[in-house]
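Welcome, and please open your viewer for a short walk through this structure. Each stop tells you what to select and what you will find there.

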Amino acid sequence: MKTFKTWDDIEIAYQEWGGEEPSSPPVVLHHGFAVDANANWVAPGVVGALLDAGRRVIAPDARGHGRSEKPHDPARYGEQRMARDLGVLLDVVGAPQIDLVGYSMGAIVSLIYASGGERVRRLVVGGVGSAVLECGGVDRRAVSNESIIEALSVDDPSALTVPEAVAFRRLADGLGADREALVAQASSIFRGDIPLERIRAPTLVLAGDADPLAVRPGVLADAIPDATLRIIPGNHVEAVADPGFRQSIVDFLA
């Protein structure tokens, strides 16, 4: 595990695998909310599949997640800040060009970054759909931020009534996450227009066919100039574990 300091002095942990002199740019993986790089990318076999394909892989733990620093001030959070963190990471690892993969929260981070820079050769975003345009970020229609914040804040989750919010609580507890830091991020999520028309990288949109947080993914794919849509079996969690998910990433980035 390596670390670096962000532009606003937060320590970010990241992992790096693969050769020192790759023939193609490194693949940077940005995880989703409440999890970390290991849970989102290592455990489902995405990192292993990319290594088998001969790729160099870099995966940070976002601020407030995993082994990275976890301030509790909401002003230190938001996907736009995480996108700036990505820029610092690329300078640290000396990567003038990358293939970028993001899931859920990480997909928003990746779209923001790719819309504002020239360092992304290819882009893959998963776990998001029409809400990127219709809500200005992750989908808050299937599960509200208020319900997620409540689920992460209460001492006893047994009385919670929103299943999707309960799932986030169980996930956080299962990973031993800092729930106060997660509340800070949930309070500061990006709500705005991402200039998708500025994305020049060929893009793959991956969505589970039963994912309530990635409904109508074709709307997102149509808004990105050079995008392809691939539907994977499963909901928001199951899709990541489907073999077609990791194979689609490997094939698209080849």
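Start with Phe 33, Leu 111, Leu 123 and Leu 220: within the largest nonpolar core, which has 56 residues, these four touch the most other members. Keep in mind that you are looking at a predicted model. Now colour helix α4, residues 105-116, which supplies eight residues, the largest share of this core.

Next, centre the view on Leu 111. Leaving aside residues up to four places away in sequence, Leu 111 touches Leu 123, Val 125, Val 132, Ile 194, Leu 196, Ile 199, Leu 220 and Ile 224.

Now for a helix pair. Show α6 (residues 145-153) and α7 (residues 163-175): their axes come within 8 Å and cross at roughly 40°. That angle makes α6 oblique to α7, and α6 passes α7 in a right-handed crossing. To see the contact, display side chains for Ser 147, Ile 148, Ala 151 and Leu 152 on α6, together with Ala 165, Phe 168, Arg 169 and Ala 172 on α7. Sorted by class, this contact of α6 with α7 has six nonpolar residues, one polar and one charged.

For the last stop, go to the loop between α8 (179-186) and β7 (203-208), where you will find Arg 198. Is Arg 198 buried or exposed? Its relative accessible area is 52%, so Arg 198 counts as exposed, the cut-off being over 50%. Finally, draw a distance from the C-alpha atom of Arg 198 to that of Gly 234: the two are 36 residues apart along the chain and separated by 30 Å.

Definitions and conventions. Residues are numbered from 1 along each chain as its sequence is written. This is a predicted model: local features need pLDDT of at least 70, side-chain atom pairs count only at pLDDT 80 or more; totals for chains, interfaces and linings use all residues. Side-chain values use heavy atoms; hydrogens and water are left out. A nonpolar core is a set of buried Ala, Val, Leu, Ile, Met, Phe, Trp, Tyr and Cys residues joined through side-chain atoms within 4.5 Å. Buried means under 20% relative accessible area, exposed over 50%, partly exposed in between (1.4 Å probe, protein chains only). Helices (H or I, at least four residues) and strands (E, at least two) are DSSP runs, numbered from the N terminus. Contact means heavy atoms within 4.5 Å. Axes are lines fitted to C-alpha atoms, for helices over the stretch in contact, and angles run from 0 to 180 degrees between N-to-C directions. Angles under 35 degrees count as roughly parallel, over 145 as roughly antiparallel, 65 to 115 as roughly perpendicular and the rest as oblique. A crossing is left-handed if the near helix is turned anticlockwise from the far one by less than a right angle, and right-handed if clockwise. Ala, Val, Leu, Ile, Met, Phe, Trp, Tyr, Cys and Pro count as nonpolar, Asp, Glu, Lys and Arg as charged, and the others, Gly among them, as polar.
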